[in-house]
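Here is a walk through one protein model. Keep the sequence and the 3D view side by side as you read.

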Amino acid sequence: MSSGVEIRAPAEQTEGTRSQILRWLKQVGENVAENEPLIEIETDKVTVEVASPGTGVLREIIKHEQQEIAPGELLGRIDAGTPAGTLAEAPRAPAALPAAARASSAAAESEARAGAAAGPLSPAVRRLLAERGLDAAAIRGTGQAGRITVDDVLRAAPGSAPPARPDGRATAAAPGAVTEALIRSHRVPHTAVRKRIAEHMVQSLLHTAPHVTTVFEADMTAVLTDRARQREEFARRGVPLTLTAYFVQAAVAAIRAVPEANSRWTDTALEIYDSIHIGVATAVEGTGLLVPVLHDADTQDLFDTARALEELLTRARGGTLSPADVHGGTFTISNHGVSGSLLAAPIIINQPQAAILGVGKLEKRAVVVEQGDEQKIAVQPRCYVTLTLDHRVMDGHQANHFLQVFVQKLTGWR
C-alpha cells in the first residue's frame, strides 16, 4: 500500500496537555480537498480543527474517535489524486472477542445474538441471563461502550421470580437486588475536558501542593462608585465594564507586592515569573470550566483590561478559543460569586501555579464602622475574597499581605 499523504496531529502542544480525536469529519473512501476541515481534536482546554494536508481520498484512519493522541502522531493517510470509488471496501472493525468460560450454551447463543456492539459479557451477567432465560440481544446495555451490566439484567425482569434450586425450593433474592433493579438512571459520557479537569484537580490537591486558604472581606463602595461613573463611557466605546476588570487590576497590584504569588515551585528553586498573565476561570455551558488567559495584565489599564476580558469571554462562550488563549497563565482568578457563592475554600490551585484568588458574591451587609470616637452600624456592599496558596511557596504572612494589598486597592479605588 502506498503511504500517500500523511495526516498528523498538530505538533504545537503545551507540556502536560492531553489531546484526543473528537470526531473524523470524513470517512474512509470519501474525497477530501486540501485545507478542508478533516478532524476535530479535543484537548483538555479547547477544541481545534485539523485541515486536510492534501487532496485525494481518505485511505486509512489510524487513530479513532476518543483515542488519545500525541503531538505529531500519525492519524491517517490520504491517497493523493485517487478518484473516489476505486478503493477496496475498508476492512470492518473486528468484532469483540467472545468471553471465556461461558456459563451455558444458552448464554453463549444469547451473547452471540447480542452482537459486538454490546461487548463481551461478564461471567456474572452470563450466569444471570442463563438463570432467567433472557436474551442478551433484547437488553439495552448501560455500561461502558454499551456493555450489559448485572443491573441491566435485573431491570429486564424486575418482577420475575428467582431461579429454583435443585431441591425445588425457591432461591432467595440477593439483598437489595429488587431495590437496585427499580432505580432509574442514565449515563452521561465524560468529555475530554471534564476528565482532564477531574484529573487536574485531584493531582493538584492530593498529590502536588499542600493547600492553605486565607480569607478577607472587601468593601466595594469605591469600586461601585467608580464603575457607575465610567460605565456609560466604556459602553460608548463598545466595552462592558465588569467588576472582574477591577479584580484583575487589584490582583496585579497585590502580585507586585508579593511576587511569590506569581510563581511555580520546582525541586531546585522557586521560579518567579516576571510577566503577569492572569487566567480568569469561566464556566461554559456544555463544556465545563475553561481558564482563558489575560496576557501581560500588568501592562494594561482598566479599559484595556475590560476590553481584553470581553474578547476572551466571548470567544470562550462561543467555542472559538485558540490554544494560545488558554496557555501561559501564571496566576488565576475565580469569581465564583457570579453564580451566588459567598465563599469557596479551598479553590483548587491551577497547577503549576502557586496560588488562586477567589471572589465571593457581592451583597449589602451591616457592618460596624468608626467615625471619630463613635461606632456606628452602616450598610456597605461587600464580598469575601480568598487566596488559596501552595504552602511550599508562601507562608501565612505573605498570603495575608497579598490580600491586604488587594483589598486596599479596591476599598481605596481612585
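**Two prolines in one loop**

Pro-352 lies in the loop between strand 16 and strand 17. Strands here are DSSP runs of E with at least two residues, helices are runs of H or I with at least four, and both are numbered from the N terminus. The model is a predicted one: local features need pLDDT of at least 70, side-chain atom pairs count only at pLDDT 80 or more, and totals for chains, interfaces and linings use all residues. Residues are numbered from 1 along each chain as its sequence is written, and side-chain values use heavy atoms, with hydrogens and water left out.

Back to the loop. The peptide bond from Gln-351 to Pro-352 is cis, with omega near 5°. Pro-346 also lies in the loop between strand 16 and strand 17. The bond that leads from Ala-345 to Pro-346 is cis, with omega near -5°. Why note such bonds? Most peptide bonds are trans, and most residues other than glycine have a negative phi.

Asn-35 is not a glycine, yet its phi is positive, about 75°. Find Asn-35 in the loop between strand 3 and strand 4 (37-43). Is Asn-35 buried or exposed? Asn-35 counts as exposed, at 59% relative accessibility. The cut-offs are simple: buried means under 20% relative accessible area, exposed means over 50%, and partly exposed is in between, with a 1.4 Å probe and protein chains only. Gln-66 has a positive phi too, near 75°. Gln-66 sits in the loop between strand 6 (56-61) and strand 7 (68-69). Gln-66 is partly exposed, because its relative accessible area is 47%.

**The whole protein**

Now step back. The protein has 9 helices and 19 strands. Of its 414 residues, 40% are buried. Contacts are heavy atoms within 4.5 Å. Among contacts with a separation of 6 or more, 61% come from residues 24 or more positions apart. The accessible surface is about 22400 Å², and 52% of that belongs to carbon and sulfur atoms. Such areas come from the Shrake-Rupley method with a 1.4 Å probe; for residues, only the protein chains shown count as cover.

**Two sheets**

Strands of a sheet pair through backbone hydrogen bonds, either parallel or antiparallel. Two strands pair here if DSSP finds at least two bridges between them. Strand 1 and strand 8 (residues 74-80) run antiparallel and are joined by 4 bridges. Look for Glu-6: its bridge partner in strand 8 is Arg-77.

Strand 2 (residues 19-24) meets strand 7 through 2 bridges, and the two run antiparallel. Gln-20 has Glu-68 of strand 7 as its bridge partner.

**Helix 9 and its cover**

Turn to helix 9, residues 396-411. How far should it span? The expected span is 1.5 Å times one less than the number of residues. For the 16 residues of helix 9 that gives 22 Å, and the end C-alpha atoms are 22 Å apart, which agrees. Its buried residues include Gln-398, Ala-399, Phe-402, Phe-406 and Leu-410. What covers the buried residues of helix 9 includes helix 6 (221-236), helix 7 (243-257), strand 16 (331-334) and strand 19 (374-390).

**Rings and charges**

A pair of aromatic rings is described by the distance of the centres and the angle of the planes. Rings of Phe, Tyr and Trp (its six-membered ring) pair if their centres lie within 6.5 Å; planes under 30 degrees apart count as stacked, over 60 as edge-to-face, and the rest as tilted. The count comes to 4 aromatic pairs. In one of them, the ring centres of Phe-331 and Phe-402 are 5.6 Å apart and the planes stand at 35°, so the pair is tilted. Phe-331 lies in strand 16 and Phe-402 in helix 9, so the pair ties together parts 71 residues apart in sequence. Phe-331 is buried, at 0% relative accessible area. Phe-402 is buried, at 0% as well.

Charges meet rings too. A charge sits over a ring if NZ of Lys or CZ of Arg is within 6 Å of the ring centre and within 35 degrees of the ring normal. Arg-237 lies over the face of Phe-303, 3.6 Å from the ring centre. The charged end of Lys-409 sits over the ring of Trp-413, at 5.0 Å from its centre.
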